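Me: I'd like to go through this one piece by piece. Can you take my questions as they come?

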Amino acid sequence: MAPHLDVPSPAGSFASNFDRIAFRAATSSDLRPSSLAPTESHSPSSSTYENDSVEDGDFHMTRPLIPGVYVPTMCFFNERTENIDVDALARHAVRLAKAGVTGLATQGSNGEAVHLTHAERQLVTLTTRKALNEAGYSHIPIIVGCGAQSTRETIQYCCEAWEAGGDYALVLPPSYYAPLFAPSSKTIEEYFTAVANASPIPLIIYNFPGAVNGMDLSSDVIIKLSQHPKIVGVKLTCGNTGKLNRVAAATRELSKDYDPDKPDFLVLAGSADFSIQSLIVGGHGILAGLANITPKACIKTIELYKAGQYFEAQRVQEVVSRGDWTAIQGGVVGVKAGLQAWMGYGGYARSPLPKPTTEQINSWKEGFRELVLLEKSL
């Protein structure tokens with residue numbers, strides 16, 4: 001599918017003007033969880049993470065993107081008030097870090113970013129950064145979902161992500177006015193270029209047609225954008241391994257001194273059910289929601305393949321893929337139900353998402369059983 005309809009639009013570009021937008025940079029005193037509490041009709045629940053100060057020494061530091069398993073983390077809420085449960089957020093982040101994941105991502109679809117205010121998004125990222133640092137995992141990078149429908153707000157999200165301790169911005173293309181975009185992907189290219197120029201942190205392109213009215217960025221567009229010095233990766237949730245192969249091969253060839261352990265442009269599969277498939281065609285790992293439940297199994301799949309144990313990797317991949325099908329069918333509601341059933345925490349999604357029925361909970365629990373048993377054996 002083409003990135004957008006080739007419908008004529010007025011000539012000229014508005015994107016270049018955003019390079020000159022000045023957004024306020026927070027001082028270290030602004031970066032307390034208590035100062036990020038929303039001022040609307042809800043506020044985060046009481047927590048030890050609300051009043052502690054942030055250590056600046058390892059808050060902003062260089063955290064390179066390397067191949068591996070990245071996890072788009074869940075956001076947890078108080079069941080009664082739907083306020084953010086920052087203690088659960090912190091414990092979850094540390095659990096994943098202890099399992100050996102390469103990086104975390106906040107503000108994705110699994111993190112219910114569309115249900116959060118700007119202040120709540122900052123609180124989630126800051127809580128995650130602080131929890132990792134305090135547990136001895138300050139080296140783990142945090143990717144932050146920053147996509148919005150306007151160039152201006154996307155840049156604002158990028159600035160806020162940096163203020164809260166984020167290292168990279170994961171950016172979806174805008175899609176609401178896609179029929180009015182300039183032809184031949186010009187509007188999309190200008191959008192990503194303008195955001196990258198203005199953002200204080202590097203960008204990762206997020207290609208997820210299901211979240212943007214079917215817009216599916218082509219490999220040509222992604223490869224072209226990869227040449228921007230501040231666009232450093234892509235997450236392909238489209239599931240197109242041919243596209244992934246083309247992007248991985250082209251960006252590898254464009255690299256001056258390609259280092260497979262630290263590529264200039266990181267190419268990630270967006271789902272755990274094609275982990276080894278993506279590695280075969282040159283991908284560098286996954287950024288997958290299933291790892292919220294079973295991070296060790298996701299890591300093991302990749303480790304076995306890289307060790308040349310292809311048969312064993314295939315067998316683990318089969319278990320992971322069956323478990324991922326349960327996650328795909330249940331979405332964020334099902335993954336939270338699985339976490340609650342097997343790990344003892346997770347709770348419910350924010351309204352208007354419904355609470356699962358008893359029948360659904362039991363079905364999802366069974367759907368994850370084989371995978372969780374594998375996880376517990378590792």
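Me: Where is Val-281 found?

Reply: Val-281 is in the loop between α7 (275-280) and β8 (285-287). Keep in mind that this is a predicted model.

Me: And is Val-281 buried, exposed or partly exposed?

Reply: Its relative accessibility is 22%, so Val-281 counts as partly exposed.

Me: What does Val-281 touch, leaving out residues up to four places away in sequence?

Reply: Val-281 touches Thr-241, Leu-244, Asn-245 and Ala-248.

Me: Another loop residue, then. Where does Thr-102 sit?

Reply: Thr-102 sits in the loop between α1 (86-99) and β2 (103-106).

Me: Buried or exposed?

Reply: Thr-102 counts as buried, because its relative accessibility is 16% and the cut-off for buried is under 20%.

Me: On to strands. How many of the residues of β5 are buried?

Reply: Five of the five residues of β5 (residues 203-207) are buried, so the strand is largely enclosed by the rest of the structure.

Me: Which side chains of β5 point which way?

Reply: Leu-203, Ile-205 and Asn-207 point one way, while Ile-204 and Tyr-206 point the other way.

Me: In what sense do β4 and β5 pair, parallel or antiparallel?

Reply: Parallel, over three bridges. Leu-203 in β5 is the bridge partner of Ala-169.

Me: What covers the buried residues of α3?

Reply: The cover includes α2 (118-134), β3 (142-145), β4 (168-171) and α4 (186-198). Among the buried residues of α3 are Ile-155, Tyr-157, Cys-158 and Cys-159. Arg-121 lies over the face of Tyr-157, 4.2 Å from the ring centre.

Me: What about just after α3?

Reply: Gly-165 takes a positive phi of about 105° there.

Me: And α10, where is its kink centred?

Reply: The kink in α10 is centred on Arg-369 and is about 45°. Helix α10 (residues 358-377) still reaches 28 Å from its first C-alpha to its last, close to the 28 Å expected for 20 residues.

Me: Which elements do the buried residues of α10 pack against?

Reply: They pack against α8 (295-306) and α9 (310-343). Trp-364, Phe-368 and Leu-371 are among the buried residues of α10. Lys-365 lies over the face of Trp-342, at 5.3 Å from the ring centre.

Me: Last topic. How many aromatic pairs are there?

Reply: The count comes to five aromatic pairs. One of them is Tyr-176 with Tyr-177, edge-to-face at 4.9 Å centre to centre and with 85° between the planes. Tyr-305 and Tyr-310 form a tilted pair, at 5.2 Å centre to centre and 50° between the planes.

Me: Are Tyr-176 and Tyr-177 buried or exposed?

Reply: Tyr-176 counts as exposed at 60% relative accessibility. Tyr-177 is exposed as well, with a relative accessible area of 53%.

How values were computed:
Residues numbered from 1 in each chain as written. Predicted model: local features only at pLDDT ≥ 70, side-chain atom pairs only at ≥ 80, totals over all residues. Heavy atoms only, no water. Helix = DSSP H or I, 4+ residues; strand = E, 2+ residues; numbered from the N terminus. Expected span 1.5 Å × (residues − 1). Bend = angle between axes of the 7 residues up to and from the residue. Buried < 20%, exposed > 50% of the residue type's maximum accessible area, 1.4 Å probe, protein only. Contact = heavy atoms within 4.5 Å. Phe/Tyr/Trp six-rings, centres within 6.5 Å; stacked < 30°, edge-to-face > 60°. Lys NZ or Arg CZ within 6 Å of the ring centre and 35° of its normal. Pairing = 2+ DSSP bridges.
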